[in-house]
Amino acid sequence: MSPQVFDPAAALRPRLPSPLQPVEDERFARRGVRLLLKRDDLIHPDLPGNKWRKLTPNLTAAAGRPLLTFGGAFSNHLRATAAAGRLLGVVTIGVVRGHELADRPLNDSLARCAADGMRLVFVDRTTYRAKADPAVVARVIATAGGIPDSVYVVPEGGSNALAARGCADLGRELRGAADVVAVACGTGGTVAGLAAGLAPGQRAVGFPVLKGGFLTADVERLQRDAFGGRRGDWSLDDRFHGGGYARIPAEVHRFADEFETRHGLPLERLYVAKMLHGLTALVAEGAFRPGTSVAAVVTGAPDPDPAAVTGARGPAGRPQREGERSRDADQSSPSR
Ligand SMILES: *Cc1c(COP(=O)(O)O)cnc(C)c1O
């Protein structure tokens, strides 16, 4: 594929703009609040939601060069990157947190990355934490061997300035459609772009699924890198992470089961269910005036791997400890 015809955004055939669907839910109606679902999960079967919006600008910038990126053993971002590599014929390398995983059978998520042709490189947690340091990345590349010098590096979770700019389209698609937009946050690239793309008078509320309270600074940094400063009206509500990444309290599972029954929409649990659970709590608190319309972004689809959503897993795939993750996220500087 020559660079001049390399157009990942077109080649991946996205469904855009993603559909916006009104939902009848009495918990919202009772408060005079209108709920809409922004179905970003329908953008692409292999690169759902924000993963398509974040990855395609980076794929374009990489212009066919091999892509190297980072993730945990259950990373949606790694899977989306691997799928993009298969679909576009691009070499992908996934640097995975956890040296000990190298000697164990791959979990389903990593097995799918490998099946899509992604080369997996396992690193210890100290190295992983330092992955924003170009010298550390260079050492990983040199040690692994066989990785071309020309690699294009995408940070953990895919959040960098290009990703945030890609997510501004999500905000633009929602102009005039809702007063408030709710979105789940991991590394923050999605809410950074979304808020920048909304019209004046609209606001975004982000629901971090990680514990630690570091995300406001990360989103501000992403907005600075992508747009030159803070953009749009946004805030984060840190009360609904449920204990941290991949920890899903029984209450959230109950909420999600019930939402699925009511609305016939299977919910991704690590992000989307936590966000809708938090949003429903805000409505119950009276956080929104009657007459407010709220669009909830469905950023992804449920994982077909049940082990990844129940938390039923051995030490190989244990969810990381909180301290680890917050430090990792602190380190995942988008300014690469
Ligand atoms: C990756 C992901 C997110 C988090 O997006 P960030 O840009 O990292 O905040 C949210 N929802 C789903 C379903 C995801 O896979």
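Predicted model: local features only at pLDDT ≥ 70, side-chain atom pairs only at ≥ 80, totals over all residues.
Strands of a sheet pair through backbone hydrogen bonds, and they can do so in a parallel or an antiparallel way. In this model, six strands come together in an open sheet, and reading across it gives the order β1-β2-β10-β7-β8-β9. The pairing among these strands is mixed. The edges are taken by β1, which covers residues 20–23, and β9, which covers residues 234–236. Each of these two has a single partner strand, so one side of each is left without a neighbour in the sheet.

Strand β7 spans residues 180–185 and strand β10 spans residues 293–297; the two run parallel and are joined by three bridges.

The axes of α3 (residues 50–62) and α4 (residues 76–88) come within 11 Å and cross at roughly 50 degrees. Angles from 65 to 115 degrees would count as roughly perpendicular and those under 35 as roughly parallel, and α3 and α4 are therefore oblique to each other. The crossing of α3 past α4 is right-handed. On the α3 side, the contact is made by Lys51, Leu55 and Leu59, while α4 contributes Asn76, His77, Ala80, Thr81, Ala84 and Leu88.

Helix α8 (residues 161–173) and helix α10 (residues 215–227) pack at an angle of about 85 degrees, and their axes lie 8 Å apart. These two helices are therefore roughly perpendicular to each other. Ala161, Ala164, Arg165 and Ala168 of α8 meet Leu222, Asp225, Ala226 and Phe227 of α10 in this contact.

Finally, the cysteines deserve a look. With a cut-off of 2.5 Å between cysteine sulfur atoms, the count of disulfides comes to zero. Cys113 has a relative accessible area of 1% and is buried. Cys185 is buried as well, at 1% relative accessibility; both values fall under the 20% limit that defines a buried residue.

Key
Residues numbered from 1 in each chain as written. Heavy atoms only, no water. Buried < 20%, exposed > 50% of the residue type's maximum accessible area, 1.4 Å probe, protein only. Pairing = 2+ DSSP bridges. Helix = DSSP H or I, 4+ residues; strand = E, 2+ residues; numbered from the N terminus. Axes fitted to C-alpha atoms, helices over the stretch in contact; angles between N-to-C directions. Parallel < 35°, antiparallel > 145°, perpendicular 65-115°, else oblique. Left-handed = near helix turned anticlockwise from the far one by under 90°. Contact = heavy atoms within 4.5 Å.
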